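Open the model in your viewer and get ready to click along. We will go from one selection to the next, and at each stop you will hear what is there.

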There are 2 protein chains.
Amino acid sequence: MAGPTTDGRVLRGEETRRAVLRRAVSIASVEGLDALSIGRLATDLGLSKSGVFAGFGSKEELQLATVRAARRIFADAVVAPVADVPPGLARARALCESWLAYSRARVFPGGCFFYEVTAEFDARPGPVRDALAGCAREWSDTVVEALDAARTTGGLRPDTDLGDLAFALIAVLETANSQAVLHDEDAPYERAGRLLLRLLRAGATDPADPALA
Amino acid sequence: MAGPTTDGRVLRGEETRRAVLRRAVSIASVEGLDALSIGRLATDLGLSKSGVFAGFGSKEELQLATVRAARRIFADAVVAPVADVPPGLARARALCESWLAYSRARVFPGGCFFYEVTAEFDARPGPVRDALAGCAREWSDTVVEALDAARTTGGLRPDTDLGDLAFALIAVLETANSQAVLHDEDAPYERAGRLLLRLLRAGATDPADPALA
DNA sequence: GAGATATTAGCACGACCGTTCGTGCAGTTT
DNA sequence: AAACTGCACGAACGGTCGTGCTAATATCTC
C-alpha cells in the first residue's frame, strides 16, 4: 500500500534534505546559485558528497529545490505576518513594511534572496529562470491584490493604476535592499519607508488616511 | 629615455587586452563576474590561457579591469549623449531616458551590467565590491547633480529632496531593466517611462513644464 | 527472525579551474 | 649585428567541480 505510513528512513532523508537546503539558501543569497557546490555543502554539513548528491539527483535540481525553499521562507517572513491585518490600505502598507523588515533583518544573510539570484539568472534561459520568474510574478500579484483590496475598500482612488503603483513600490523596496547591502548602510531603508508612504498617499482617496499616518 | 616612443609590441598587447575585456563584459553581464574564466576567454578569442592570464596577472585583476571597462561603456552610452542637453529639468529627464534606452538596446547583452554584477558582489567584501560601490555612487551622484541643476534653474521646487528623488528614479530604472530581462518583455520600459515622468512632475515647480511634455 | 528498500559512504572518472614555468618570437635599442 | 624587452605559447601543477558506480548500514514489511 502507498499510504502515508511513517517511514523513519524517508523522514531522516527529508531531514538531511532540509538541512542541505537551509545551508543552500544562505550560501546562494550571498554568492548566488552557481556558487552552490555539492562538495562544499557536504563538507559544511559533515556529509558525503554522494550523499548530498543522491538527495537531489543533479545540480540543477538542487538549485530548483533551493529556490522553492527560499520561496517558502519568503512567504513565511513577509506575507504571512500581515495576514491578520484587515484588507485595505493598511494592509498594503503593512506588506511593504514587512518586506523592508525582512530585508533589514537579513532573513537571508545576503539580503533579499530573490534580488541576488534573479539578477544572476534573468538573462539565462532555463528552468531556474522560469522558477524565479514565477516567484517574481507571484510576489507582484500579491502586491497588486493588496492594492486592489485597498481600492475596493475605498482607500485608493478608483482610477489608480495598480500595476504602475505596485511596480513603483517594488522598485523602491528592491533598491533599498540593494543599496543597503552594497554600502552596508541603514539609510536606504529609511528613505524607502518615506517614499513608499508618499507613493501610497499619492494614490489615496484621503491623503490624511490614518492608515498612512 | 622614457618618452612616448611608439612601441608596436605594447600596442599589440593593449589591443588583445581590449579584445579580452570586450568579451569579458559581455559574458559578465549575462553570467556574472564569477563566470568569467580565463580558459574560456582564451578559447573564445583563439588565444592561449597563459596569454590571457599574463595580460592581467590574476583573476581578480581581470574582474576589476572588466568593471572599469564596463564603466567606460556605460558612461559613453548613457551619460555622454545627454551632454549637449542644457542643464535643467530637461537634462534630468533626458538622463533617465538615456538610461532606459541603454538597457533596452542591450548595450550589454544581459541588460544593465551593473545590475547583474552588483547583485552578485554586494554581500561579498573585497576590491570588486568596493569598485562596484564606487560606480554606484558615481551614477547616483550624476543623477543628483542633474536634479540639482534642475532645481537651481527653477525646474524643481526648492524644497525637493534630491536624494529621495534620485533614489526613486534609479529604483524605477533598475526595476524596469530587471523585469524586462527576466520576463523578456518591453512593457516594464513603458511603465518606467510613465513613472519617471510622474516622479519628476511631482517635484516640478510647474507640472506643465514643456520639458515634461 | 528473513528479506526488501532506501539513505548514506567510499571511491574513481573526466573536465575545468587558476596559476606557474620555460621557451619562442617580434620589435626596439645600441 | 647583438643585446634587450615584452607578448604569447604549450605543458603541467594541485584542486575542485558534477556525476556515476558499488558497498555498507539502517529501517520497514512480513
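Start by selecting α6 and α7 of chain A, residues 113-121 and 127-152. The two helices pack with their axes 10 Å apart, at an angle of about 135 degrees. Axes here are lines fitted to C-alpha atoms, for helices over the stretch in contact, and angles run from 0 to 180 degrees between N-to-C directions. α6(A) and α7(A) are therefore oblique to each other; angles under 35 degrees count as roughly parallel, over 145 as roughly antiparallel, 65 to 115 as roughly perpendicular and the rest as oblique.

This is a predicted model, in which local features need pLDDT of at least 70 and side-chain atom pairs count only at pLDDT 80 or more, while totals for chains, interfaces and linings use all residues. Residues are numbered from 1 along each chain as its sequence is written, and chains are lettered from A and ligands numbered from 1 in the order in which they are written.

From α6(A), pick A:Phe114, A:Val117, A:Thr118 and A:Phe121; from α7(A), pick A:Val128, A:Arg129, A:Leu132, A:Cys135 and A:Ala136. Two residues are in contact if their C-beta atoms, placed from the backbone, lie within 7 Å. By class, this contact of α6(A) with α7(A) has 7 nonpolar, 1 polar and 1 charged residues. For these classes, Ala, Val, Leu, Ile, Met, Phe, Trp, Tyr, Cys and Pro count as nonpolar, Asp, Glu, Lys and Arg as charged, and the others, Gly among them, as polar.

Next, select the whole of chain A. How many helices and strands does chain A have? There are 9 helices and 0 strands, where helices (H or I, at least four residues) and strands (E, at least two) are DSSP runs, numbered from the N terminus. The C-alpha atoms of chain A fill a box of roughly 60 × 50 × 30 Å along the principal axes. Of its 213 residues, 41% count as buried; a residue is buried if 20 or more other C-beta atoms lie within 10 Å of its own, exposed if 12 or fewer, and partly exposed in between, with C-beta atoms placed from the backbone.

Click on A:Asp184, in the loop between α8 and α9 of chain A. A:Asp184 is not a glycine, yet has a positive phi of about 55 degrees. Is A:Asp184 buried or exposed? A:Asp184 counts as exposed, because it has 12 C-beta neighbours inside 10 Å.

Time to bring in chain B. The contact between the chains takes 33 residues from chain A and 33 residues from chain B. On chain A's side, α8(A) gives the most, with 13 residues.

Zoom in on α8(A) and α9(B), whose axes come within 10 Å and cross at roughly 80 degrees. That makes α8(A) roughly perpendicular to α9(B). Select A:Gly163, A:Asp164, A:Phe167 and A:Ala168, then B:Arg191, B:Arg194 and B:Leu195, to see the residues that make this contact.

For the last stop, view both chains together.
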